Amino acid sequence: IYPLNGNGEACREIVINQASAYFSISKTLVVAPAEGGEFTVDVRSSRGLTLKPGEGDWFTATAEADSKETGKYSLKVKVNENNGTERRSSTVELYSEGAPATRLGTLEVLQSSKTADELKDMVFVGKAAFANDFTIYLPLAGEIDCYIDWGDGTVEHNSLSHKYNVNKATEYEIRISGKVTALYSGSIPQSYRSAITAVKQWGSTDLKSMSFAFDSFGALKDIPADETGAFAEVTTFLYAFLSCETLETIPDGLFKYCGNVETFSGCFRGCSALTSIPADLFSACKSVTNFSSCFSNCSSLTSIPDGLFSACKSVTNFSSCFSRCSALTSIPEDLFAECAEMDSAYGLFKECENLLSIPAKLFAGNPKITSFYGTFEECNHLTSIPEGLFDNCPDVNSFSNTFRSCNMLKSVPISIFDNNRRVTDFSETFCWCGSLVGESPYSVINGVKYHLYERVDNPDEFVAPISYSACFYGTCFSYIEQMPDSWRQW
């Protein structure tokens, strides 16, 4: 503004300044324990302050002016004791004074309960350390509407990571309250995946998926049974605990509510510290169809319990389920007895290098199997194959690599493939079985021997093999020089 003299000339400049309106609040969430309590939130407002509490007679909210001139207020929230079983939540809306009132912000008020409500929380144990920059990431995914109590006094809404104000390795119990429909670790940087050391409680968060839940969580040592039906609506455990290298035990009851799960493919793959499996682990899992690679690379697993899959009657795929279980020495005969829909044994026990024997009736209840590709490949301590092992599997089309590199295998029953007359692929079946002696397998039809390489001569009884390179390469079978080159060479 410029005052003018009589000649209309500016004689002096006058500057007018006006302060802008301001509003701030020290926190937007108050979390009260079941016992209740009083809480103070600092507010600054240049336009005054009035409150509009939300629904609920279990708390009160008042605002006291510390200094109206500076716009400082103390918003006091008093929460009553919660003797119920449900968590309580409400809001306090903050408005300016005067008319028309302007909405300035919202304060959320959350209170836990004394009893069953805390069982609904998912609880992790995490370690903030120099290696993870004192930051913990949570594998929360899907639909998320939850509060995370990070264990250091900080409570946040829908926050997936937290940096702790410490300078030495410190463990924290982290509680997740509310809705989380999936656990998924794919978005967590690899260097931060060792922060979670245990799951103390699965809670009840509306989980639907456990796909890649704890992939490569190398420090995860303990997980609990499901006591709250946390997994009742879950349909997949695809690679859920993949490469959890320090996980030592699977608790009884982990899957006792998993009636809707369809796949456990890769679930415990690479759990190299795991030594045993609970006998009734899958007793409730009646919808599962896929166990491929479920226990693959569990190098400390020494045994498999009888009847492990007895309730899983719809399973079709067991491919590589126990591959590379290098400490496994035996297989229960009834392992697949109830799995009549099983159609693939691809790599099932591949590289189980300490496996000593195969039960004769292992596949007696599995007439739909079509492939035994690599099933016992590199089982270096096998010395024999039982009579009738494949008798009840008439639809097999591939025995490729089935016993490849079983270098201590000394003999094969002559009639081992008698009932498998539709096989088109015998490539590398006995390749590198350097201790094999005696006559190679054959079937007798009307008094005539038909070795595998002679099946082409009797199309009425056999489907002619199409792939057979190196089937007998590196073996010491009798009359090997009489075999066609294409069966004993690459």
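Leaving aside neighbours within four places in sequence, which residues is Ser-209 in contact with? I looked this up in a predicted model, where local features need pLDDT of at least 70, side-chain atom pairs count only at pLDDT 80 or more, and totals for chains, interfaces and linings use all residues. Residues are numbered from 1 along each chain as its sequence is written, and side-chain values use heavy atoms, with hydrogens and water left out.

**Ser-209.** I found Thr-181, Ala-182, Leu-183, Val-234 and Thr-236 in contact with Ser-209 (heavy atoms within 4.5 Å). I placed Ser-209 in the loop between strand S15 (196–201) and strand S16 (442–445); helices (H or I, at least four residues) and strands (E, at least two) are DSSP runs, numbered from the N terminus. A polar atom of the Ser-209 side chain lies 3.2 Å from the backbone nitrogen of Ser-211.

**Aromatic pairs.** I read a total of 58 aromatic pairs in the structure (ring centres of Phe, Tyr and Trp, the last by its six-membered ring, within 6.5 Å; planes under 30 degrees apart are stacked, over 60 edge-to-face, the rest tilted). Phe-295 and Phe-322 count as stacked because their ring centres are 5.6 Å apart and their planes at 5°. Both lie in the loop between S15 and S16, so this pair ties together parts 27 residues apart in sequence. I noted both Phe-295 and Phe-322 as buried (under 20% relative accessible area, with exposed over 50% and partly exposed in between; 1.4 Å probe, protein chains only).

I then checked Trp-432 and Tyr-473, an edge-to-face pair with 5.1 Å centre to centre and 80° between the planes. Trp-432 is partly exposed at 42% relative accessible area, and Tyr-473 is partly exposed at 26%.

Technical notes:
A polar contact is a pair of N or O atoms within 3.5 Å; within protein, one must be able to donate a hydrogen and the other to accept it, and residues adjacent in sequence count only if both atoms are side-chain atoms.
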